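Visitor: I am new to this structure and would like to learn how to read it. Could you take me through it one feature at a time?

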Amino acid sequence: MDNVEQNIEDLNKYIDMLIEFGVTYGFQILGALAFFAFGFLVINWIGNRLQKLAIAKNIDETLSGFMASSLKLVMMVMLIIITLGNFGISIAPLIALAGAVTLGATMALQGPISNFGSGVAIILTRPYVVGNVVTVRGVSGIVDKVTLGTTFLLGEDGEKIAIPNKEIVGQILVNSNENRILELQFSVSSKTDTERLAEKISALLKTFPEIREDPTPQVGIHDFALGGVVMGVRAWIPGNCYFKIRYSVNDAILALLKSEKIKLLAPVFNTGEE
């Protein structure tokens, strides 16, 4: 019986302590939480407003998002510091702890961190933007999204290609904006009227509405081969249907050669023998 009374007495003490704490600090805690919630909403509004304003000023979408996210992060850190101060918590030990954790994370996450650093470089220097057709490390596609760690491309077949940003920075990058260059070569006899053939192919290319008129497609003698000449064709086409148009152009040129009774020369391979 004595134990029960002791437990009830201890419970009453804890309840009194909670009530006293609530009376003393309740309004301070509610005020700090309300301040944090209000500040969070204001930070989101400012960040989104900055992003919309940057896009309206024709700043790239990726760079606009990076600017807004950076501003949100800085303001959020300031808001947390102010909120902790309202609770009477000293932030000096937290800063020291954050520094130690950051150092350890840096050593353990060198790969991801190098991706983030490369992502910042890409966003600031803008070697490509969303919608460009790029080729890097043998992979081509339309830039769909650029994050701090990864660049996402869309292939012609709809596949999503994710490339770590550290694999892009420092590599040879081909950016053909929204287009991709179609380049063809084929060999014909030296007796062929190449000027007339070039005119025929140029007219043929105009029948493809997907082929850009600016820059103007180029057709001419690309090189010389044993017993003939190498004709070259260069045109600019949308990157999202590159292979479809390439194959169609190949079929049309082959049909043209057959109708003109122009034979293709067989490739000559150098065996190294004199």
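Guide: Let us begin with a pair of strands. Strand 2, residues 139–146, and strand 3 run antiparallel and are joined by four bridges. This is a predicted model.

Visitor: Which residue of strand 3 is the bridge partner of K145?

Guide: K145 has F152 as its bridge partner in strand 3.

Visitor: How many bridges join strand 3 to strand 4?

Guide: Five bridges join them, and strand 3 and strand 4 (residues 160–164) run antiparallel. One of the pairings can be found by looking for L154, whose bridge partner in strand 4 is K160. Strand 3 and strand 4 also form a hairpin, with five residues between them. In that turn, G158 has a positive phi of about 90 degrees.

Visitor: I would like to look at one residue in detail. Where is T151 placed?

Guide: T151 is in strand 3, which covers residues 150–154.

Visitor: Is T151 buried or exposed?

Guide: The test is the relative accessible area, and under 20% counts as buried. T151 has a relative accessible area of 1%, so T151 is buried.

Visitor: What does the side chain of T151 make a polar contact with?

Guide: The side chain of T151 makes a polar contact with the side chain of N165, at 2.8 Å. Leaving aside residues up to four places away in sequence, T151 touches I122, Y128, V143, K145, V146, I161, A162, I163, N165 and I168.

Visitor: Now the salt bridges. What is the general idea?

Guide: When their charged atoms come close, side chains of opposite charge can pair. The cut-off used here is a side-chain nitrogen of Lys or Arg within 4 Å of a carboxyl oxygen of Asp or Glu. By this rule there are five salt bridges.

Visitor: Which residue forms a salt bridge with R137?

Guide: R137 forms a salt bridge with E167, and their closest N and O atoms are 3.8 Å apart. R137 lies in the loop between strand 1 (133–136) and strand 2, while E167 lies in the loop between strand 4 and strand 5 (173–175), so the pair ties together parts 30 residues apart in sequence. E167 is partly exposed, with a relative accessible area of 28%.

Visitor: Which residue meets K160 in a salt bridge?

Guide: The side chain of K160 meets that of D144 in a salt bridge, at 3.8 Å from N to O. Because K160 lies in strand 4 and D144 in strand 2, this pair ties together parts that are 16 residues apart in sequence. K160 counts as exposed, at 53% relative accessibility, whereas D144 is partly exposed, with a relative accessible area of 31%.

Visitor: What is linked with K200 and E260 in a network of salt bridges?

Guide: R196 is linked with K200 and E260 in that network. Within it, the side chains of K200 and E260 meet at 3.7 Å, N to O. K200 lies in helix 5 and E260 in the segment after helix 6, so the pair ties together parts that are 60 residues apart in sequence. Both count as partly exposed: K200 at 33% relative accessibility and E260 at 24%.

Visitor: How many bridges pair strand 6 and strand 8?

Guide: Strand 6 and strand 8 (residues 228–238) pair over eleven bridges, in the antiparallel sense. Among the residues involved is Q185, whose bridge partner in strand 8 is G232.

Visitor: Last, confidence. Where in the chain is confidence lowest, and where highest?

Guide: Confidence is lowest in helix 3 (residues 92–108), at a mean of 56, and highest in helix 5 (residues 194–205), at 93. Over residues 269–274 the pLDDT is below 50, and this stretch has zero contacts in the model beyond near neighbours in sequence. The chain averages a pLDDT of 79, and 74% of the residues score at least 70.

Notes
Residues are numbered from 1 along each chain as its sequence is written. This is a predicted model: local features need pLDDT of at least 70, side-chain atom pairs count only at pLDDT 80 or more; totals for chains, interfaces and linings use all residues. Side-chain values use heavy atoms; hydrogens and water are left out. Helices (H or I, at least four residues) and strands (E, at least two) are DSSP runs, numbered from the N terminus. Buried means under 20% relative accessible area, exposed over 50%, partly exposed in between (1.4 Å probe, protein chains only). A polar contact is a pair of N or O atoms within 3.5 Å; within protein, one must be able to donate a hydrogen and the other to accept it, and residues adjacent in sequence count only if both atoms are side-chain atoms. Contact means heavy atoms within 4.5 Å. Two strands pair if DSSP finds at least two bridges between them. pLDDT is the predictor's confidence in each residue, from 0 to 100.
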